[in-house]
Structures are given as structure tokens and as C-alpha cells.
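Hi,

Here is the structure I promised to send over. Have a look at it first, and then read on for my notes.

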Amino acid sequence: KGKCPEDGWDESTIELFLHELAIMDSNNFLGNCGVGEREGRVASGLVARRHYRLIHGIGRSGDIAAVQPKAAGSSLLNKLTNSVVLDVIKLAGVQTVTNCFVVPMATGMSLTLCFLTLRHKRPKAKYIIWPRIDQKSCFKSMITAGFEPVVIENVLEGDELRTDVEAVEAKIKALGAENILCVHSTTSCFAPRVPDRLEELAVICANYDIPHIVNNAYGVQSSKCMHLIQQGARVGRIDAFVQSLDKNFMVPVGGAIIAGFNESFIQEISKMYPGKASASPSLDVLITLLSLGASGYKQLLKERKEMFSYLSSELKKLADNHNERLLDTPHNPISLAMSLKNLDENNDAAVTQLGSMLFTRQVSGARVVPCGSVQTVNNYTFKGFMSHANDYPSAYLNAASAIGIKKQDVDVFLKRLDKCLKTFRKEVKKEKSVNEISNSNTGTEQPED
């Protein structure tokens with residue numbers, strides 16, 4: 001039926017299925033005589049086994065979605081993977097999606113492919129309207145495609161950084177709709193930035209007849225992010241949304257899903273991909289979804305949401321204990337931020353040092369964001385880089401509850417963070433007491449030890 005099975009398959013069943021697909025490829029035929037330049041020959045048996053002897057990749061030289069006659073098994077694998085992934089996207093909350101395909105590139109290059117496809121539809125356009133998010137690959141995706149990003153600064157509402165919808169519309173009027181390739185919005189992001197106001201942006205795009213591409217990098221795992229995409233498509237315009245395979249399905253880095261509501265446009269994007277492509281990302285995600293089943297994936301989504309609540313409540317307690325606070329970012333369903341104001345006020349280098357301490361204590365993924373850092377990316381200078389704003393009020397630390405996280409991960413992280421912060425507090429007290437002694441002894445003889 002081309003849908004994700006409700007219950008996951010065991011490993012031996014999946015392997016049998018993959019071997020059946022592999023023997024449909026010509027390189028695995030007994031007595032095959034290949035005289036072309038690409039015949040699925042593999043020198044290492046280990047490499048052949050790693051890929052289940054599915055060597056031909058997917059697509060043909062002119063179309064990544066085309067069927068390859070001498071690779072019937074690999075072609076079937078590709079079709080089935082796209083169909084199963086489409087089913088899971090619907091299951092995750094975007095019910096009206098009509099088409100998608102797995103592309104063997106990570107999110108940034110997949111966004112570039114979308115922009116290059118739009119170039120043929122809007123040959124005069126040179127600008128992309130982009131509500132600021134401090135993440136290099138989505139910024140570089142526009143530069144690589146040959147367009148000029150028009151950065152729209154976020155507005156601070158309480159602790160949250162939100163989309164300045166009025167500034168987006170004003171910039172469209174100033175530049176002229178025909179000169180704008182698209183609006184490039186974002187769902188999943190690091191707090192205190194929150195998902196863009198997708199419904200309002202989608203309505204603006206529909207009103208001005210401007211395409212709308214959504215960076216949904218790790219949003220499939222969030223019902224809130226998927227709901228925003230569904231609502232945006234319902235009330236306005238969303239042409240395509242792009243999500244990472246590794247972040248949402250726990251597979252190795254190297255693949256993404258490009259999905260949308262207009263079947264022909266998604267086909268156009270797939271045809272823009274030059275040449276054949278690696279089947280590895282498709283193979284990885286198909287194996288994963290067959291082993292999990294729809295029920296297994298839904299359970300992972302449920303556990304992630306529960307862990308987000310747990311992480312939020314426990315991080316708030318820790319923040320209170322250290323005279324800091326958990327920033328109030330109710331619109332961000334995945335990432336949390338805790339202020340580091342006291343650390344920042346006492347020692348300029350302490351904030352970045354905390355990040356280093358956590359990393360050496362095997363805490364990965366936690367981002368420590370100091371105030372006022374400046375970074376230049378492709379000749380564009382970002383003030384306050386990593387904080388999504390020129391001058392966010394305080395330094396902070398990020399932590400996220402992403403798919404696959406366990407209670408043990410949260411508990412160990414909090415324990416190590418608490419220990420690091422206590423170390424800093426001791427050092428600050430020690431430094432203050434030394435300064436007090438020094439000040440009290442000014443102009444007198446130094447006391448003997």
C-alpha cells in the first residue's frame with residue numbers, strides 16, 4: 001500500500017525484503033554482462049554488504065525520481081521510501097501534503113535546490129526575504145543559489161524573538177514583488193527565537209503572489225511546527241517545506257525530505273537535481289521506519305514531548321537555585337534557554353568557558369550564547385551572532401528535547417551543569433574575598449601568613 005506499517009518489522013524480515021529488492025538489480029543477476037561505464041561493480045565485499053548490494057543508486061542522469069531499467073530493485077526502493085515518508089509526514093500533522101521525495105543532501109543544499117528551481121519561474125527575482133535565524137547553512141543556502149538575502153530582524157516580545165511581519169511586508173513593497181524570489185521562513189529553531197509566524201507570512205505570500213519556502217529542519221518531530229505548516233498552507237501559500245532526515249528520524253547525516261502541497265512543483269524540484277543520486281539516505285530511512293512502524297514513531301514523538309516538559313521543569317528549578325531564570329518561550333516546542341546573567345556580569349569570559357566545561361564533561365548539543373559576539377558570513381556581518389538579534393538582553397544557555405532523548409540524558413546534563421555553575425560561584429566568591437582583603441589592607445603592612 002506504500003504506507004508505513006502500523007507495527008514495526010523485525011530485522012530478519014527487513015533484511016529479507018532488502019535482499020529481494022537487491023536481486024532485481026542487474027549487477028546481482030547471475031551471468032550478467034555489463035559493458036557500460038556504470039555497472040554496479042564494487043571492489044570491496046564489505047562495501048557491497050554495507051549497502052545490501054543495492055549499488056546503482058536512485059534515478060537516472062536527468063531525473064532523480066525516474067525509474068532505472070537495470071536497477072528495478074533500487075528504483076522500487078526509492079518509490080517506496082518516498083511513499084512511506086509521505087505517509088509519516090501526514091501522520092506527524094501535515095495531512096494535506098501531496099508529494100515529497102528524499103534527496104541525498106542535507107537541509108542547506110536541499111533549500112538551495114528549491115531556490116534554483118524557483119529561478120526558472122521568476123527570472124527577474126534577485127532577493128530572498130529571510131526573517132533572521134542565526135544558523136549558517138540556511139543563510140548560505142541562499143548565497144550558494146546566487147541570491148541576495150534580505151535579513152529581517154526579529155522583534156522582542158517578552159523573552160521571545162518573533163517574526164516582524166510588518167517589516168516583511170514593508171520590504172516587499174519597497175523592493176517590488178516581482179524582484180523577490182521567495183520568502184524563506186523557519187519553524188524549528190533555538191530559543192529564545194521561536195517559529196516564524198507562518199500563517200501571517202503565508203497570507204502575505206498569497207496576497208503578493210510570492211513563493212514561500214519553509215526551513216522545517218527538525219520540525220517533523222514537533223506537532224506544533226507541523227501544525228503551523230498545515231495552517232499556513234490552509235490560509236495562504238507554502239510552496240515547499242524542507243526537513244532533515246537525521247534530526248527527525250535518527251539516521252546518519254546526509255539526507256533531507258522536500259515536501260509540498262503542489263505535486264507538479266515538487267516534481268519540478270526533483271527534476272532540477274542533476275544526475276543520479278546515492279540511495280543510502282533512502283535506504284537508511286526506509287529501514288528505520290520499517291523497524292519502528294507507525295506506532296513506534298508515534299511513541300517516540302510522545303516521549304519527546306514528555307521529555308520536553310520534564311526538561312523544562314527541572315531546568316527551571318536549577319535556574320532558580322543559581323539566581324538565574326528559565327526564559328519564557330512558550331512558542332518554542334523543542335528548545336529551551338536559561339539566562340546566564342550573573343555569570344556574564346562577573347566575568348566576560350565565563351560564559352564561553354562554561355560551554356567549554358560542559359563539552360569536556362561530555363555534554364553535547366548545549367549551546368552557550370554570550371552577548372555581543374560578531375560574525376561575518378559571506379560578507380554579511382551579524383551582530384550578536386547566535387542570539388538571532390543584534391542586542392539580546394542577556395547571555396544564555398540552550399538545551400533541546402529532540403527525538404530519542406531519554407530521562408537519563410536530562411538528569412546527567414542537569415547534574416553536570418549544576419556542578420559547573422557551582423564551580424563558577426565558588427571562584428567568584430573567592431575572587432571577591434581576595435579583593436576585599438586587598439582593599440582593606442591598602443596602605444598598611446601586609447599581614448604575615
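K426 lies in helix α14, which covers residues 407-440. This is a predicted model, by the way. With a relative accessible area of 63%, K426 counts as exposed, because the cut-off for that is over 50%.

Now for the strands. Three of them make an open sheet in the order β10-β14-β11, with antiparallel pairing. At the edges are β10 (335-339) and β11 (367-369), each of which pairs on one side only. From one strand to the next, the twist averages 25°. Five bridges join β10 to β14 (residues 396-400) in the antiparallel sense, and S335 has A400 in β14 as its bridge partner.

Two helices go with this sheet. Helix α11 (residues 280-321) lies across β10 and β14 and runs at about 0° to β10. Helix α13 (residues 350-360) packs on the sheet as well, touching β11 and β14, and its direction makes about 170° with that of β11.

There is also a hairpin, formed by β12 and β13 with two residues between them. β12 (residues 374-377) and β13 (residues 380-383) pair in the antiparallel sense over four bridges, and Q375 stands opposite F382 in β13. In the turn, N378 has a positive phi of about 50°.

Best wishes

Notes
Residues are numbered from 1 along each chain as its sequence is written. This is a predicted model: local features need pLDDT of at least 70, side-chain atom pairs count only at pLDDT 80 or more; totals for chains, interfaces and linings use all residues. Side-chain values use heavy atoms; hydrogens and water are left out. Two strands pair if DSSP finds at least two bridges between them. Buried means under 20% relative accessible area, exposed over 50%, partly exposed in between (1.4 Å probe, protein chains only). Axes are lines fitted to C-alpha atoms, for helices over the stretch in contact, and angles run from 0 to 180 degrees between N-to-C directions. Contact means heavy atoms within 4.5 Å.
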